[in-house]
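Here's a quick briefing to read alongside the model. Have the viewer open and follow along.

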Amino acid sequence: MRFQPELMTFADGAPVVSAEDWKRRRAEMLDLLSREEYGITPPAPAAVRGTVNAVDEKCCAGHAVIEDLTVSFDTPKGGYSFPCRFFRPASEGKHPLFVFLNFFPEVYNKYFPLEEIIDGGFAVAAIYYKDVTHDDGDFTDGIAGMYPRRGDGTDWGKIGMWAFCASRAADYFLTRPEVDADRLAVIGHSRLGKTALWAGAQDERFRYVISNDSGCSGAAYEREKHGSSETVAKITGKFPFWFCDNFLRYAKDPDERPFDQHFLLSLIAPRRLAVNSASLDEWADPLGEQLSCVACSPAWELLGVRGFTGGETPAKVGELLSGGNVQYYLRDGTHFLSRADWQIYMDMMSE
Ligand code: GTR
């Protein structure tokens, strides 16, 4: 078969031929990626609380309400909480919600065109990722310090921690009457695009999973690299703390990994998956990201829905390859989360 390792073959060599089989195959792959790439996620807490600390009803010309919140839950080492901002249209009714892993603490920032999103009728729960735990190798900081580590190579890395808190935000926001539970999305850019994929892979309440320029160890299929794109050696050399220690073993020979990134994407089936790349973002390997869409698609087909209909011919700049539940868009320009990207995601959630 074209893409290795085989998606539709169990680890013991048996074929995956039915939706029943897929349940077991999915569990097998989730376990594999937990132990070998991102680390094992602790169990979800029994209860998650949200506390509203401040409300601004005059945002975006009075069209948006902003709530400053704290999301809290118990951990093995006591109570833990992280801040979160809830932006919602002032209009009545239930709104689709983006759980947004935010690169920046500011409300208005270059990756977050709030007013357009509000005008589109969408709500956003924004988590500034460094509020959860710092983007470094300090495993005592924030949520990193709240769970014991086993030291056996499978302890979760920072991507796993950020993803976990996206799910904890979902726990709380799904209790809010303003949120449409059928249109819950998780979205992130770059390292946070990797995080959004891992969150969406684990948590099926995210009906829409959005990877913006996630690249290496995100959406990009690694066994075929293009141009001078990032490699497992480069990413683990610079950001080892994003992953579990077992993953670092594959820096020398990534083809030894018993998985590739199409495994990650396939865990999202049969839900909606959007993979956006940027034409000048060679580091994230746009074509590798498209190939993963091709490679993961059999999971959707097995479950009886159309997956990726775009094929392997490289997308043209500005082309949206859609028509199934996996879509790919090649935006013009550099590594960025732009208004054009957000528009693609809002369109997907409005279909
Ligand atoms: C780069 C990293 C990429 C990508 C990016 C980002 O330095 O090598 O994998 O995640 O950072 O998050 O901005």
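Let's begin at the start of helix 10, where a side-chain oxygen of Ser338 comes to within 3.2 Å of the backbone nitrogen of Ala340. Helices (H or I, at least four residues) and strands (E, at least two) are DSSP runs, numbered from the N terminus. Bear in mind that this is a predicted model, where local features need pLDDT of at least 70, side-chain atom pairs count only at pLDDT 80 or more, and totals for chains, interfaces and linings use all residues. Residues are numbered from 1 along each chain as its sequence is written, and side-chain values use heavy atoms, with hydrogens and water left out.

**Helix 10**
- Helix 10 covers residues 339–350, and its 12 residues reach 16 Å from first C-alpha to last. That is close to the expected 16 Å (1.5 Å times one less than the number of residues).
- Asp341, Trp342, Ile344, Tyr345, Met346, Met348 and Met349 are buried in this helix (buried means under 20% relative accessible area, exposed over 50%, partly exposed in between, with a 1.4 Å probe and protein chains only).

**The whole chain**
- The protein chain holds 10 helices and 10 strands.
- Its radius of gyration is 19 Å, close to the 20 Å that the globule rule gives for 351 residues, so the chain is as compact as a globular protein of that length. The radius is taken over C-alpha atoms, and the rule is 2.2 Å times the number of residues to the power 0.38.
- Along its principal axes, the C-alpha trace spans about 55 × 45 × 40 Å.
- Of the 351 residues, 59% count as buried.

**Strand 5**
- All 6 of the 6 residues of strand 5 (residues 123–128) are buried, so the strand is largely enclosed by the rest of the structure.
- Ala123, Ala125 and Ile127 point one way, while Val124, Ala126 and Tyr128 point the other.
- Strand 3 (residues 78–89) pairs with strand 5 in the antiparallel sense over 3 bridges (pairing takes at least two DSSP bridges), and Phe86 stands opposite Ala125.
- Strand 4 (residues 95–102) runs parallel to strand 5, joined by 6 bridges; here Phe98 has Val124 as its bridge partner.

**Asn246**
- Asn246 sits in helix 7 (residues 245–248) and is buried, with a relative accessible area of 13%.
- A polar atom of the Asn246 side chain lies 2.9 Å from the backbone oxygen of Arg35.
- Leaving aside neighbours within four places in sequence, Asn246 is in contact with Arg35, Glu36, Asp152, Gly153 and Thr154 (contact means heavy atoms within 4.5 Å).

Methods: A polar contact is a pair of N or O atoms within 3.5 Å; within protein, one must be able to donate a hydrogen and the other to accept it, and residues adjacent in sequence count only if both atoms are side-chain atoms.
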